[in-house]
Amino acid sequence: MLVTALFLFITTLVLCWVYLRAKTRHMAKLAAKIPGPKPSPLWKKIFNRSTDHMSGDMFFKMVQLSQMYKSTFCLWKGYELFVFVQDIRHIAALLADSEEVARSCTYKYSKPWLGSSMLLAEGKSAYMFGIVNLGACPCAGEKWKSRRKLIAPEFRPSNLESSVKILSSNTDNLLDRLATFVDGPEFDVHYFMNLHSLDNVWETLTGAKVDALQNSESKFVKAINNASHMVHSRSMHPLLHLDLLFNMSSLGRMQAKDVITVRAGSATAVEDRRRQLLQEGVRNRVPILDTLIELSKKGTAHDDVDPTTEINAILIAGYETTAAALGFACWLLSRHQDIQEKVLKEQREIFGDSHRFPTYRDIQQMKYLEMVIKETLRLYPSVPLFGRKLRKDFDVGDFTIPAGANVMFLAYQIHRNPELFPDPENFDPDRFLPDTTLRRNPYSYLAFAAGPRNCMGMKFGLMVTKGTMSALIRRFKILPGNTPLSLDYTIALKSRTGMKLRLESRSRHEVANDKTEFLP
Ligand code: HEM
């Protein structure tokens with residue numbers, strides 16, 4: 001019995017090895033000409049254990065390699081080839097091409113969370129946010145294109161305008177929580193920004209409340225917060241790439257439970273809204289969800305759209321990215337009081353001494369604050385690494401990147417290229433003055449990616465960050481803490497040590513008199 005089992009096991013391993021060798025022969029031939037660290041032997045690739053903490057380390061190893069090679073380089077992870085492109089001309093050519101380039105294989109592992117959402121539409125294979133390996137990559141092809149065409153208009157300004165009210169009441173709650181830290185010791189602002197961002201994105205998408213800030217220990221909030229952790233842990237561990245092994249592992253079992261919790265939460269929100277629409281008709285439109293429900297009606301051209309799946313996907317794409325931008329912006333402003341003063345000056349010009357929440361039009365006027373947020377995302381891009389999967393061989397100067405390779409864009413490092421951003425470690429929002437921006441190649445700034453697969457929620461993300469920062473800066477002075485950042489990367493860039501800072505009230509009396517006024 002034992003001998004038969006052993007024989008079957010070894011035969012399976014040999015067959016896998018033969019299959020993978022055949023599958024990667026073309027890639028290996030072309031990859032051999034691209035500089036990069038020597039590939040490890042197969043056994044090392046398979047048993048290469050990466051813990052969570054190594055995930056951040058892995059990311060910084062890639063940063064080190066990109067500094068060392070300066071131009072295009074490649075590395076193998078298991079049987080996947082990753083080619084890092086650093087020349088701006090090649091980055092532009094690759095990102096602009098929606099026909100030959102699909103999402104990279106990193107998206108595969110978020111499939112349980114995203115189902116067959118637009119982000120994963122049927123195709124070859126893709127990565128989202130650099131790590132979510134979608135396996136049979138959804139975003140390759142017609143399905144992705146047609147879904148994006150249908151959903152993207154829902155992020156138009158008139159719809160954003162209505163979500164300002166949601167942002168206003170959630171920001172009030174956030175400021176009340178933060179007020180408890182005034183004159184106190186340092187605390188991790190990112191923790192609160194994560195919950196605040198979840199509240200905003202969820203309510204905007206579904207019209208329902210999740211109250212993450214009040215119920216941070218709820219099953220739903222904990223499950224959704226686990227998503228990035230699990231997807232990333234899996235993507236970093238080659239043995240867990242196999243569904244069978246992953247599903248048997250403790251991580252796989254934990255994920256299965258959390259996916260059920262999150263999908264149940266989204267399904268309830270969708271069903272509640274469907275019922276409401278049937279009973280009451282369209283009152284107070286919920287732009288994204290109402291459109292998805294409309295599309296999914298039986299007998300229409302897009303009746304394969306599953307609103308629950310799409311809502312989950314957009315939520316995962318939107319909330320951690322926005323939270324990271326908010327957290328890093330606060331942290332940087334705590335360390336750059338001169339820039340914080342300039343932000344405050346612009347706010348005073350718009351609001352005087354009032355603490356009312358901004359209207360959509362006010363937010364459009366916050367030009368300097370927008371530059372601060374863009375510069376924050378240059379230094380600390382929420383998605384520091386993302387990828388695309390090549391469907392055809394692609395020439396980049398002296399090399400050809402083979403079809404099937406994952407082309408990686410290390411935004412974190414590209415944003416630190418001194419030829420594109422002189423004195424790159426310096427926090428200088430003036431880099432985003434209109435004239436300076438116009439002189440720069442648009443593909444040198446990848447905070448929201450670029451080309452046809454760029455961020456769909458960019459305007460919404462900027463609106464949430466600007467609205468929140470506006471209210472926060474007028475109410476509190478942000479002071480530095482003592483704890484330095486220790487960067488880490490799961491779905492979004494974060495800090496293992498948190499983003500610690502201290503707060504001082506700007507004026508207690510002003511705040512007490514004028515806090516919750518909302519002008520539509
Ligand atoms: C400051 C905040 C944000 C940043 C820095 C950001 C950044 C990005 C980046 C870099 C990508 C490309 C990822 C890749 O190609 O792998 C992306 C895609 C995407 N983002 Fe954002 N994002 C932000 C906020 C949001 C928000 C608030 C939403 C929606 C609520 C959103 C929805 C999406 C969607 C749906 C995609 C996929 C687009 C497609 O596949 O066609 N994002 N984002």
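How many helices and strands does the secondary structure of the protein comprise? The protein has 21 helices and 14 strands, taken as DSSP runs (H or I of at least four residues for helices, E of at least two for strands) and numbered from the N terminus. This is a predicted model in which local features need pLDDT of at least 70 and side-chain atom pairs count only at pLDDT 80 or more, while totals for chains, interfaces and linings use all residues. Residues are numbered from 1 along each chain as its sequence is written, and side-chain values use heavy atoms, with hydrogens and water left out.

**View 1. Iron site at Cys455.** Cys455 (SG), 2.3 Å away, is the single protein donor to the iron atom of the ligand. Donors are N, O and S atoms within 2.8 Å of the metal (3.2 Å for Na, K and Ca); water is not among the atoms, so sites may look incomplete. Cys455 sits in the loop between α19 (434-439) and α20 (458-475).

**View 2. Packing of α15 (residues 337-351) and α20.** The helices pack at about 100°, with axes 10 Å apart; axes are lines fitted to C-alpha atoms over the stretch in contact, and angles run from 0 to 180 degrees between N-to-C directions. α15 is therefore roughly perpendicular to α20 (65 to 115 degrees; under 35 is roughly parallel, over 145 roughly antiparallel, the rest oblique). Gln340, Val343, Leu344, Gln347 and Phe351 in α15 meet Ser470, Ile473 and Arg474 in α20, a contact being heavy atoms within 4.5 Å.
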